[in-house]
Every structure is written in C-alpha cells, then in structure tokens.
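I opened a notebook for this structure.

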Amino acid sequence: MSEYYRDSAHLYEIYDRFLTSVLTDEKIGPKMGKAGIVIKFIYTDPDCEILIDLKNTPEKPGFYGTFYLGDSPIKEDVWSKQSADHSHRFWHGFENPIAAVAKGKVKQGGKITAMLKLLPVVRPTFRRFPEILHELGYDDLIVTKK
Amino acid sequence: MNANTGKIIRIDLSSHSIEILEFPPAYYANYIGGSGLAAKLFWETADFNAAPLSPESMLMFMNGPFAGLKLSGTSRFCAAGRSPLTNGFSDSSCGGYFAPELRYAGFDGIVIVGKSKTPVFLVIEDDNIRLMDAAAYWGKGIEDVTRALKERFDKKYRTLVIGPAGENQVRYANIMHDNHHSFGRTGFGAVMGSKNLKAVVVRASEKKMALFDPEKFEELRNDINPRIPKGMIPEVLREFGTAGSLESHVYAGNVPIKNWTSNFWEEMAEALTGTTLSETYFKGRSSCAYCSIACKKIIEIPQGPFALSKGSGPEYETIVAFGSLLGSMDLGAACKAGRVCNDLGVDTISAGATIAWAMEAYAKGDLTDTDTDNTALKWADMETVIDIVLPAIAMKKGGLGRLLGLGSAAAARKIGKRSIDYTAHSKGLEAPMHDPRGGGHGKALAYALSPRGACHLSSIMHFIESGACYYPEIGFDYDLEPMTDENKAKVAVFAVEMGNIENSACFCQFADRQITLPEWIDLFNCVAGYDWKINDLLGAGRRIFYLKRLLNYRFGFRALDDTLTPRMLEPARDGEPKGIQMNFSGMKADFYTRIGFDTTKGIPTREILEKFDMAKESAIVW
C-alpha cells in the first residue's frame, strides 16, 4: 500500500506537472536534453510507467524533452525500477541513489552510466518537487527530513 | 606455505648484500600481507631510531596473498616504512602489474635497508637477484628511465622508478610503476632516493603458484570475476574513470575549492568531471593486471598550452588537486600537471594541496615575494604551477622549491603567522580531495584516526557513508546520514577493520565492493587454508590497525595527534552543507571508547591488546 499515492492516475497527475516544470526549465532543461537518452521509470505500488525521451526532437515547443505517462511508443535505452514511494522520496532529495542500488531498492538495466550522468543535473529539481505538490494542493504529501 | 611464497628478499644497499628471509607462518595468518605484514616486519626488525631518510631506515614492498591469482582487483601491492612526510609508520598502495610478477618470481616482498655509495637499480629475474649501476639513469625523469629500462630488458619487465623529486628527497616524492601506476602517498620515493636506489625491475619466467584448495578458488573466481565490473560504481569507473562522480560530489559539497575555502562551484563541476574528460581527451582505457573494470584512462591533448602526447590520464584526486583546489577549472591544465608530477615523481595530492596552501598564504601576505623567489602564486595560474612551481619543488630549487618541498604542514610551521590553521592535513599528510564538511562527517573521523595521516582509503568509511556497501550478514545495515555524527563511531570501528583487511590483502577498494563477507572468508580459506570464521577475519583487521597505532606511538604520536586542522573543522561556508558544524570531538571520544583506546596515549589498553594476542607488543608500550 503506497504511503503517498492513491492509484496510478494520482501519480500521473503529480509527475505530469513536475516533468512539465523540469523539461521547460531554462536552466535544467537544456542540461537534461544533452543526456541524449531515453529513460523508462517503472514504478510499483501503484504500477505505473513513465518514459522520458531526451534523445529525439521534443514534440512540444518550449520543451527540452518529451515524456509519456503510461504506454509509450518508443524503446528505452535505460530503465530503472523502484517503488513509487521510493521515487517520491528521491525527488525530495531524501534517497541516496548509490545506497538504493547497493541495497536492491532500485534495479536498473541498459545504459546505466548514461542515466548516472543525469544525477547531478536533476539535483536542483529536488526543491521543485515539493513546490509542485504544494501547487497541486498536496501539502500532506510533502516529505520532511527526519 | 599456500597463498604466499613465504620468501622475502632483503637487500642491504650499504654492503650490496642480498638474502632471502623466511618468517613464521603466523606472521601471515595474523597480519595477512601487504600493509599488515609490512607493519609486523617493521615492528620485529626495524631500527626505531632511524630517521626516515637515513641509511638505517627500512623500505618495504609487500604483496598480498591474492597477488597473481587472476581475480579482478587483487593486483595491488604496498610500499611501507617510516614516512619522511609524517615521520610515522606509513604505507602506500599501488596497482598495476608488479605484484603478480613479483609473486610469480617467487617472492612475497622486498625489504631494503642501507644506502648504496653510488646510484643503483635492483633486478629480480626469478632467483637471480642483483644490483646494477644506475648512473646513466640518475637525474632523469620517470618516463625516460622507464622507457630505457624496458628497452634494455624487455617491455614485459615490470618497473618501479623514482624521478628527480625522489633523488632530491622531496618529502612527498612518489614511486611510479610502469609509468602509469603510483605509490603516491607519504614520500617513499624520497626514501628510495636517500638510498641511491633509482629503480627496481622484476620478471618471472613462469606463472607458478600454490593454493590450498585450487578447485574451490576457481569456483569462487568464476563467480566473483563476472560480478565485479557490473556494479553501479564499477560501471561509472569504467565509463568515466575515477572522476566520473565528480559532478555529484560538487553538488554535495564534497569537493574542496580554493584551499578548502569553499564547498560549491557549479561551473567547475561540469568542466572537470570524468564525463567531460571522456568526451574530450579520452583515447582509451587501461587497467591493472586481470582487472575487468579498467578505470584508468589514456588521454591525448593534441594542441594548446597544455598539449600532451598520448599517455596516462589523471585520476579524480589529481583533477581536483590541480583543478578546483587551485581555483582552476581548466581540465587540460590538470591533465598536464598530473603528467608533469608523474615524470618528476611527486605525489599529486600533496603537491596540489601544498601549492593551494601557498596560494592562499600569498594572497593573505603570509608568503611574500622574498619567500617565493619573486614568483607570484595566484589562484588558477596553471602555467606558473606547471612551468615554475612543480619543477622547483622536484629540484628543491630556490627558497620556493625548498619550502614547498617540505609539504604544507612543515612549510606552514616554518613561516608561522598562524598559516597552519589553513592547511588541510592530519599528522602531516595532506588530505585527499574529499571534504568531510560536505562529503560526510565520518570521513573526518577516518582522516584523523588513520595511522598514516589524512587518508580516505585506510578505512572504508568513505564507501559506507556514501551508501556503496552494506554487510547484512553481520547485521551491518546502516543507512548513514552523511552530515551528522549518528552511528559514525560505531561504524568507524568496523570500517577500520575492513580497511586494514583490504589494504593487507592488497585488494582494490573499487573492485571488492562486490564481495560479501562470507566470500572474503572463502577466499582466504581456499587460498591460504586458514579455516577462518568472520571473527577471525575482522580480528586480523583490528590487530593490524592496533599494530600500526603502536608503531606510531613509538614514533611519538599521541591521542592529541588524532585531529584535523581548524580549516577542516570549521562549518562549510557555502553549498548544500553551509553552516553545518560537525561534532568531531564527540565522534572521536565515542570511537576511542568503542575501540578500547587510552585517551591520552591513543593506543589500545593493555587488556585490549592481550585480548588480540598482542601481549608481547603490549609489554613494550605499557
């Protein structure tokens, strides 16, 4: 039972707003676009998939990449599987990605090193995720550091 | 004897005599090999009154029990003795191809005492061991001498060579192996130079080894080897080198900037990171013997002020020491500085750190043009660093070269003006390029407690605190919060045990992250036939740590020396860790209680030593 998400629609609502914010950000977006890869995040509880295409020309103007919630038409270069709750805490900056892989909380496949290049790039978004939760009226889902 | 050969070469350079020593098997079982065995041999046979650069001092090269076994990560070996930089017992680790070759030649190590009247080099061809005239090589750089030795013998001969810095006994002179691998830390190149020993070459005629249970070892090897390159850290290392995580370190506040005056410099992160190195100057990978990670980089800079021919590229430590630490974000300059250091024979960490201290001292007016022979030491002036400062250090040229050749701590003591406060060292050894104020408070504890001085590899705290390793089989399953003191002392006890096991087994700390504790036990048992359980393994690690502490107690180190400089203990000034004050004294006190140290002497109590079968050693210090 997820601590933060009612169902997949709930998760997609939040990540839609979050990824739109990140991929249109003038500072973060271009750096993400430089990664040149397609990443699929596979979430459990609720079961969801989000694919971020940083390789092909963005579909929408003003975006530095394209994201798909649920089924996607293209094949990923790298995938990362984790619980939706783990991802929720990660985007707050509260999960150590090295530790998560070492302890098996996150499983990965494909061009892992390409995805790792993104880690420092997305770090500034850790402040943005709780802001998005606030904007959507989900203050109760904002995680605070113990 | 299994695993080890049981034979150690002893050379007295004063008399040019060579003998083969054999030590009791218990030395190996209790002290493993590498830095542990070196500590034991030093304790039993060294002249404690000998100054580090005197003829009587003792220099050792020591293998671990797994050298030559075609297992990823086991081709490292150790140099050890009394350090001219710290004046204490120290060890330094080097990868490459020398350790397997020495093992195949039939030896676990080399002990060198005395001083040759004229420059010589040592040749080991199986049991044909001899000293040869090195006059033609003396005064030359490491690249030329390595090339000449390989042309004279054969490219398959493995070499250890010192440069002008070693000959001139610069306190942080290194020893280079095959021109690409380094005994960087604590100045053993100066010890070689003080003995007029320019080089060592080794070649074995066949690859012969005896193991306790070769079938079991082969089974283990086939299981472990394919796993080692597949972890998250090894994949980053292979793709981007040891600087692959530099950018993440910058955002955490783990990378020292401008002599530790800052923890955050965003533009520098992308300029210096390993991904940038791979996208710009990268020409290929290289590795240590039998390693499937291949973290080393071959680079070339075709043109520009820092043009470099195709050859070895810099590690993370070198990139930061000659990059952000000096206020520079010029990756080409860092590459060039690293190559120059390797040819002159100076440790890149100590050299970069000492120059960074000097730049701050110059900016403050604590160092004047009179001190620097009218060389302006300005942040990010890499041409001056490469063309003037590094050669001056290696040649001990002028006041500047003689001063900076002492290392930052001794140089700061010499000029006074409280400039020691803004050095970054422990026990005289300059800190590596990981800033505990942002990278994790446990690292501060590890630096201060390390017998050889500020070092992130003497214990495995660096890896535990970053979340890279867990040992659930013994209930060791902590999720450490880097920027607090919570559980740090408790973890540090285990971290020093494992660090000493790894450095004594001469196992690469990147490769062995994939190895579980039961596999460690299986490896020792099938290779050496020890019949160990986990407590025996950890006990050996603890015993080795204790012995190194006792050695340094005999050299005058006390509990008060287990500390860091004021600069390293102040709260971070910027970045994510801004304003956080670490509880260093609390962590240290907690560690002392847990490890059983006397709070004044800084060594284990008599009772603790006896518990670890060290009553004989105890009787000397208590």
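My entries on contacts, domains and helices follow.

**Entry 1: what I am looking at.** I note first that this is a predicted model.

**Entry 2: where the chains meet.** I looked up the contact between chain A and chain B. Chain A gives 13 residues to this contact, and chain B gives 16 residues. On the chain A side, three helices each supply at least two residues: α4 (97-102), α5 (112-116) and α6 (118-122). I then sorted the chain A side by class. I found eight nonpolar, two polar and three charged residues.

**Entry 3: the domains of chain B.** I listed the divisions of chain B. They are domain 1 (8-203), domain 2 (256-423) and domain 3 (436-621). How far apart are the C-alpha centres of domain 1 and domain 2 of chain B? I get 26 Å between these centres. Their contact takes 31 residues from domain 1 of chain B and 26 residues from domain 2 of chain B. On the domain 1 side, α4 (142-152) and α5 (164-167) of chain B are the elements that give two or more residues. The largest share of that side is three residues, from α5(B). By class, the domain 1 side has twelve nonpolar, 15 polar and four charged residues.

**Entry 4: a helix pair.** I turned to α14 (residues 348-364) and α17 (residues 408-415) of chain B. Their axes are 9 Å apart, and the helices pack at an angle of about 30 degrees. Angles under 35 degrees count as roughly parallel. I therefore put α14(B) and α17(B) down as roughly parallel to each other. Which residues meet here? From α14(B) I have B:A353, B:T354, B:W357 and B:A361. From α17(B) I have B:S408, B:A411, B:A412 and B:I415. The residues of this contact divide into six nonpolar, two polar and no charged.

**Entry 5: one residue of α14(B).** I picked B:I349, which lies in helix α14 of chain B. Is B:I349 buried or exposed? It has 27 C-beta neighbours inside 10 Å, so it counts as buried. I left aside its neighbours within four places in sequence and listed its contacts. They are B:G184, B:R185, B:E317, B:A321, B:E430, B:P432 and B:M433. I checked one of these, B:E430, for distance. B:I349 and B:E430 are 81 residues apart along the chain, yet their C-alpha atoms are separated by 7.0 Å.

**Entry 6: helix α2 of chain B.** I checked the length of α2 (residues 34-45). At 1.5 Å a residue, its twelve residues should span 16 Å; the end C-alpha atoms are 16 Å apart, so the two agree. How many of its twelve residues are buried? I count nine, and α2(B) is mostly covered. The buried residues are B:G34, B:S35, B:G36, B:L37, B:A38, B:A39, B:K40, B:L41 and B:F42.

**Entry 7: helix α22 of chain B.** I repeated the length check on α22 (residues 517-528). Its twelve residues should span 16 Å at 1.5 Å a residue, and the end C-alpha atoms are 16 Å apart, which agrees. Buried in α22(B) are B:W520, B:D522, B:L523, B:F524, B:N525, B:C526, B:V527 and B:A528. What covers them includes α7 (214-227) and α23 (534-554) of chain B. I also looked just past the helix. There B:G529 takes a positive phi of about 70 degrees.

Definitions and conventions
Residues are numbered from 1 along each chain as its sequence is written. Chains are lettered from A and ligands numbered from 1 in the order in which they are written. This is a predicted model: local features need pLDDT of at least 70, side-chain atom pairs count only at pLDDT 80 or more; totals for chains, interfaces and linings use all residues. Two residues are in contact if their C-beta atoms, placed from the backbone, lie within 7 Å. Helices (H or I, at least four residues) and strands (E, at least two) are DSSP runs, numbered from the N terminus. Ala, Val, Leu, Ile, Met, Phe, Trp, Tyr, Cys and Pro count as nonpolar, Asp, Glu, Lys and Arg as charged, and the others, Gly among them, as polar. Domain bounds come from an automatic or database domain assignment. Axes are lines fitted to C-alpha atoms, for helices over the stretch in contact, and angles run from 0 to 180 degrees between N-to-C directions. Angles under 35 degrees count as roughly parallel, over 145 as roughly antiparallel, 65 to 115 as roughly perpendicular and the rest as oblique. The expected span of a helix is 1.5 Å times one less than its number of residues. A residue is buried if 20 or more other C-beta atoms lie within 10 Å of its own, exposed if 12 or fewer, and partly exposed in between; C-beta atoms are placed from the backbone.
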